[in-house]
Amino acid sequence: MIKFVVIIPARYASTRFPAKPLAILGGKPVIQRVYEQATKVFDDVFVATDNDLIFNCVESFGGRALMTSPNHKSGTDRCMEAYCKCGVCADVVVNIQGDEPFIDPSQLETIKKCFEDSRTQIATLVKPFESKAPYSEIENPNSPKVVVDNDWNAMYFSRSPIPYLRGIDQSEWSSCHTYFKHIGLYAFRSEVLKQITDMPQGVLEKAESLEQLRWLQAGYRIKVGVTRIETVGIDTPQDLEKAEEFLKQKS
């Protein structure tokens, strides 16, 4: 039996949306909604934060919170510190972003299944673009793309449309090839998490500003699971308004 622990990094500071984890969505803080979704699948769930307000918020709704350094450069680094502090000895550490209140239990089950393959070191999710998606969606640099091998391991992540369809008009790309959008949910073998947080940035990561390229360049195997469910992440106050509408539709 594989033992899982979930860490939800939740920073207070955000350039586009300060105090985002504490924003109210449908009567509950965003971080509470993320936490509650995670506990539908996993027993051991912790919020890793650098702020007393977030820490106290999590404890007030009965969640478990851990204080971590304000100096981490990535959520993965914060995840590692929190795992070391949580007191749970796990085989796999799952990193769920603190701004994904609609993360679905089926998506979490999919990431768990990736570790039924003993060769999986890291796992993540992708969602196929719709076959009629306009080229503007595929080329959006804020929506990283993924190409996979025949065993559903990631070959490369890019902010550019990959692969390039030579000789085909860009308006037809989505109908001629299945493009995969990366969903920022990760899980790591615990020993691998320690290894990758000790690594310096790689040239590919610096070029694309995608942390996962550091791991690929170093030779780690990233298993890819597929979801058909669209998540609604919250990066800005405008996204919160969209999330409110999405919540009303779900209800």
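This report walks through the salt bridges of a predicted model.

## Salt bridges overall

Let's start with the count: this predicted model contains 15 salt bridges. A few of them are described below, together with where their partners sit and how accessible they are.

## D50 and R78

D50 pairs with R78 through their side chains, with an N to O distance of 3.9 Å. If you look for R78 in the structure, expect a buried residue: its relative accessible area is 2%.

## D117 and its two partners

D117 is worth a visit, as this residue takes part in a salt bridge with R119 and in another with K223. In the pair with R119, the closest N and O atoms are 3.1 Å apart. D117 counts as buried at 18% relative accessibility, whereas R119, at 45%, counts as partly exposed.

The side chains of D117 and K223 meet with an N to O distance of 3.3 Å. Here D117 comes from the loop between α4 (105–113) and β7 (122–128), and K223 comes from strand β11 (residues 222–226), so the pair ties together parts that are 106 residues apart in sequence. Both of these residues, D117 and K223, are buried.

## A linked network

Salt bridges can also be followed through a group of residues here: K127, E130, K181 and E230 are linked in a network of them.

How values were computed: Residues are numbered from 1 along each chain as its sequence is written. This is a predicted model: local features need pLDDT of at least 70, side-chain atom pairs count only at pLDDT 80 or more; totals for chains, interfaces and linings use all residues. Side-chain values use heavy atoms; hydrogens and water are left out. A salt bridge is a side-chain nitrogen of Lys or Arg within 4 Å of a carboxyl oxygen of Asp or Glu. Buried means under 20% relative accessible area, exposed over 50%, partly exposed in between (1.4 Å probe, protein chains only). Helices (H or I, at least four residues) and strands (E, at least two) are DSSP runs, numbered from the N terminus.
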